[in-house]
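Dear colleague,

Please find below the sequence and structure that I am handing over to you. My notes on what was found follow directly after.

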Amino acid sequence: MVASSARVQAHSFIEKRFGMALTPDFDTYPIDFTISAATAERGAVHVTWSDGRVSRFHNIWLRDNCPCVQCVHQVTKEQTFELVTVSPDIHPVAVAVAADGSLLVRWSDGDHASEFHTGWLRSNCYSAEARAERVVQRTTWDSTTLSEPPTFDGPAVLSDDAALYEWLVALRTYGATRLRNVPCTDEAITHVIGRIGIARDTNFGLFWDVRSEPNPVTNANTALPLPPHVDLPTREYQPGLQFLHCIENQAIGGDSILVDGFRVAELMREQYPSEYHTLTRTPFDWANSAKVTDYRWRSPIIVTDASGAVTEMRVGNWLRAPLDLPFEQVEEAYDAYRRLFEMTYREDLQLRSRFEPGDLVAFDNRRTLHARSEFTDAGGPRHLRGGYTERDDLQSRIRMLERAMRERRVALGNSTLG
Ligand code: OGA
Ligand code: ZN
Ligand code: ZN
C-alpha cells in the first residue's frame, strides 16, 4: 500500500524527461510557489511548498490526474485514462522533484510515470486552507448596506475586457448590477448578453419586450404593479441571469425594485425559523397560464443544497398553480408564504430606482427578486427589453478572463514559469 522509500532523490526517470511537465487542460498555471520537498507516506504524496504549506495528494488522486499523453488526449485535453484499469492500492515506487520544479512519480502498477506541473499542482491542492481560499465570495445586501446596485458604464463593458471583468465579478458577488449609457436600440441587449454567453430562449422568446399592451399574454405586459418575483419559476430550470434594458421611459410610476432573495432567506432563517423551514421543504406549484403552452413546475420556494446553503429562490405570486399538499400542510404553507412576502415588501430590504433610457439592470434571476410599481403611460411609453443567460455562462466568462490574465502574467515573465 505504502511506498517503502519515503523520500526518493533524483531517479533515472528524471533524466529521461524533456520539456515542461504537461498540464491536463487549456489553462495557464503561473508558478508562484515551488516544491521544497515531496515524500510518499501513508497512502499519499506529501508536498511541502516554498511558503511552508503542505499539500497531501492521495495516491489514487494523483494517478487519476496524470496528465501524460497516455492518460489525457492531447488535442481534446479530455481524459482517456480509466480508473478501473489500475489497482485501488496503486502507490508510488519513486517520488522526486525535477529541476524545473515538477513533481515526478513512478507508479507501482505497470511501468507508468507521471509528471505534475508545479503551478497546476498548487492550484489543485485540496487542503482545507486551499479549499477555503477557492470559495467564491457572495455578499448579501439590503437597502441599509447598498444604496444602489453596483453601476458600470455600458460602452466600456461592451468594448473593454477589464471593465467587463469588473462588472461580471460584481454580478456574481451581489447578484444585482446596473449598466448605464447602453445604446437605446433593440439590439443592444444581444450585444451585452453576447459579452457573457449564449442568450437563453424561453417560452417568451429569445428576447422580449415589456410594455403595456392592449392584449397582454402576461401581467408583465400590463401597467399593473408586479410583486417581487423571479422570472419563469414555472420552468424546471429558471434562467440564471436576467437583463432588463430600458429603451424608453416616459411613464409616470413604474419604479424598479430589487430585493436580495438570499438576504431575505438569511433573515427568515434567523427571525422566523419555522416558516423558513416550511419554505425549504414544502413544494409549491408554479404555472404559466398560456393559450399555447402549459409549463408547470413543482418546487419549494427556498432551495438549499446538501450543506443547507441557499442556492436559489423560486417566487412569483401570479405564476402559481393551486397548492397541492396534504390537507394538514396547507395552512402552514400559506402562513410561511405570507411571511416571505411581508419581508420582500420591507423598505429596508428593497432597492428602489427609476429606469432611465440606457439603463440595463442585470441580476441573478434565481437569487434577486425584482418588482415594479404600477405605472401609467399617460406621460409617454415605457419600453424595456429583456433577455436571459445562465449562471454557468457567467462563471465560464469570468474564468476565461482570469485565464487570459494568467496567460499575460506568464508571458510577461511575472512567474518563475517564464
Ligand atoms: C417582467 C418584469 C419589470 C418592469 O417583465 O418580468 O419584471 O420594471 N418587468 O417592468
Ligand atoms: Zn499517465
Ligand atoms: Zn420579471
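Predicted model: local features only at pLDDT ≥ 70, side-chain atom pairs only at ≥ 80, totals over all residues.

A polar side-chain atom of Arg382 lies 2.7 Å from an oxygen atom of ligand 1, where a polar contact is a pair of N or O atoms within 3.5 Å; within protein, one must be able to donate a hydrogen and the other to accept it, and residues adjacent in sequence count only if both atoms are side-chain atoms. The protein covers 96% of the 290 Å² of accessible area that ligand 1 has on its own (areas by the Shrake-Rupley method with a 1.4 Å probe; for residues, only the protein chains shown count as cover).

Residues are numbered from 1 along each chain as its sequence is written, chains are lettered from A and ligands numbered from 1 in the order in which they are written, and side-chain values use heavy atoms, with hydrogens and water left out.

The residues around ligand 1 are Val210, Ala220, Leu226, His229, Asp231, Phe355, His370, Arg372, Arg382 and Leu384 (a residue is near a molecule or strand if one of its heavy atoms lies within 4 Å of it). By class, this shell holds 5 nonpolar, 2 polar and 3 charged residues; Ala, Val, Leu, Ile, Met, Phe, Trp, Tyr, Cys and Pro count as nonpolar, Asp, Glu, Lys and Arg as charged, and the others, Gly among them, as polar. At least two residues of the shell come from each of β10 (226–229), β20 (368–372) and β22 (382–389). Helices (H or I, at least four residues) and strands (E, at least two) are DSSP runs, numbered from the N terminus.

**The zinc ion (ligand 3)**

Which residues coordinate the zinc ion (ligand 3)? They are His229 (NE2), Asp231 (OD) and His370 (NE2), at 2.0 to 2.1 Å. Donors are N, O and S atoms within 2.8 Å of the metal (3.2 Å for Na, K and Ca), and water is not among the atoms, so sites may look incomplete. Along the chain, the donors of this ion follow the spacing H-x1-D-x138-H. The pair of His229 in strand β10 and His370 in strand β20, 141 residues apart, links distant parts of the chain.

His229 has a relative accessible area of 2% and therefore counts as buried (buried means under 20% relative accessible area, exposed over 50%, partly exposed in between; 1.4 Å probe, protein chains only). His370 is buried as well. The side chain of His229 also makes a polar contact with the side chain of Asp231 at 3.0 Å, and it reaches the backbone oxygen of His370 at 2.9 Å.

**The zinc ion (ligand 2)**

The protein donors here are Cys66 (SG), Cys68 (SG), Cys71 (SG) and His112 (NE2), which lie 2.1 to 2.3 Å from the zinc ion (ligand 2). Their spacing in sequence is C-x1-C-x2-C-x40-H. The angles among the 4 donor atoms run from 101 to 120 degrees, and the site is tetrahedral; four donors count as tetrahedral if all angles lie between 85 and 135 degrees. Cys68 counts as buried because its relative accessibility is 15%, and Cys71 because its relative accessibility is 2%.

**The chain and further residues**

The chain has 11 helices and 22 strands. Its C-alpha atoms fill a box of roughly 85 × 55 × 45 Å, taken along the principal axes. Of its 418 residues, 49% count as buried.

- Arg391 is in helix α11 (residues 391–411). Its relative accessible area is 18%, so Arg391 is buried, and its side chain makes a polar contact with the side chain of Asp364 (2.9 Å).
- Ala336 is in helix α10 (residues 330–344) and is buried, with a relative accessible area of 1%. The C-alpha atoms of Ala336 and Tyr276 are separated by 7.1 Å, although these residues are 60 apart along the chain.
- Arg42 is in the loop between β1 (35–41) and β2 (44–49). Its phi is near 45 degrees, a positive value in a residue other than glycine, and Arg42 is exposed, with a relative accessible area of 65%.
- Asn181, in the loop between β8 (176–180) and α7 (188–194), also has a positive phi, near 65 degrees.

With kind regards

Note on methods: Tetrahedral: all angles 85-135°; square planar, octahedral: opposite > 155°, others 65-115°.
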